[in-house]
Amino acid sequence: EEGGEGDAAAGATEGKDGDGSQVALQRSTGDELNFSLVPDGKDDNPGYRVPALQKPSLRTSGRLKVAQLKKYLLKKLKVTMSPASVEILCHGDRLGDELSLIFVFRTRWLHPEEELVLSYRFEDEGMY
């Protein structure tokens, strides 16, 4: 029998532990990944506040690249600036545009049992 991507994702949501599907989804062999995207908490300039997303918890393809995530972020925040002005971070380390979310989760995220949390900031605060 054929099993498409939808079947893999649906199977992952069932979770054997019965406490919901959160953990099972993160360990899915399918394509999707849950993560949060939050403003960087580092206060280099206390008078400047990075805007937050209304819905910081996201679920998307693990193949999504950091460059695509930057464009999404700018669109949702309704900010008109270049994606090159946005930094996406994992544990404070800047992520390259070419990295996929699943690569970041597997190689940079130190807590594989927990949901991936990425932060963002703008390079030129005066542009906002």
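1. Setting aside neighbours within four places in sequence, Leu 37 is in contact with Leu 53, Pro 56, Leu 58, Leu 69, Leu 73, Ile 88, Leu 118 and Tyr 120; contact means heavy atoms within 4.5 Å. Leu 37 is also one of four residues, with Ile 88, Leu 116 and Leu 118, that touch the most other members of the largest nonpolar core, a set of 27 residues. A nonpolar core is a set of buried Ala, Val, Leu, Ile, Met, Phe, Trp, Tyr and Cys residues joined through side-chain atoms within 4.5 Å. Strand 1, helix 3, strand 3 (86-90), helix 4 and strand 5 (116-122) each contribute at least two residues to this core. Helix 3 gives the largest share, five residues. In soluble globular proteins, nonpolar side chains tend to be buried together.

2. Basis of the note. This is a predicted model, in which local features need pLDDT of at least 70 and side-chain atom pairs count only at pLDDT 80 or more, while totals for chains, interfaces and linings use all residues. Residues are numbered from 1 along each chain as its sequence is written, and side-chain values use heavy atoms, with hydrogens and water left out.

3. Confidence. The average pLDDT of the chain is 78, and 68% of the residues score at least 70; pLDDT is the predictor's confidence in each residue, from 0 to 100. Across residues 1-28 the pLDDT is below 50, and this stretch has 26 contacts in the model beyond near neighbours in sequence.

4. Overall layout. The chain has four helices and five strands, in the order α-α-β-β-α-β-β-α-β along the sequence. Helices (H or I, at least four residues) and strands (E, at least two) are DSSP runs, numbered from the N terminus. Of the 128 residues, 37% are buried; buried means under 20% relative accessible area, exposed over 50%, and partly exposed in between (1.4 Å probe, protein chains only). Among contacts with a separation of 6 or more, 65% are between residues 24 or more positions apart.

5. Ser 36. This residue is in strand 1 (residues 32-39) and counts as buried at 10% relative accessibility. Apart from neighbours within four places in sequence, Ser 36 is in contact with Pro 56, Ser 57, Glu 115, Leu 116, Val 117 and Leu 118. The side chains of Ser 36 and Glu 115 are joined by a polar contact of 2.8 Å. A polar contact is a pair of N or O atoms within 3.5 Å; within protein, one must be able to donate a hydrogen and the other to accept it, and residues adjacent in sequence count only if both atoms are side-chain atoms.

6. The whole structure holds seven salt bridges, each a side-chain nitrogen of Lys or Arg within 4 Å of a carboxyl oxygen of Asp or Glu. One of them joins the side chains of Arg 59 and Glu 32 (2.3 Å, N to O). Arg 59 lies in strand 2 (residues 57-61) and Glu 32 in strand 1, so this pair ties together parts 27 residues apart in sequence. Arg 59 is partly exposed at 37% relative accessible area, and Glu 32 is partly exposed at 32%.

7. Asp 97 pairs with Lys 70, their closest N and O atoms being 2.7 Å apart. Asp 97 is in the loop between strand 4 (93-94) and helix 4 (101-107), and Lys 70 is in helix 3 (residues 66-77); the pair links distant parts of the chain, 27 residues apart. Which of the two counts as buried, at 2% relative accessibility? Lys 70 does, whereas Asp 97, at 35%, counts as partly exposed.

8. Arg 94 forms a salt bridge with Glu 87, with 3.8 Å between the closest N and O atoms. Arg 94 is partly exposed at 46% relative accessibility, while Glu 87 is buried at 11%. Salt bridges that share partners join Asp 40, Glu 87, Arg 94, Arg 121 and Glu 123 into one network.
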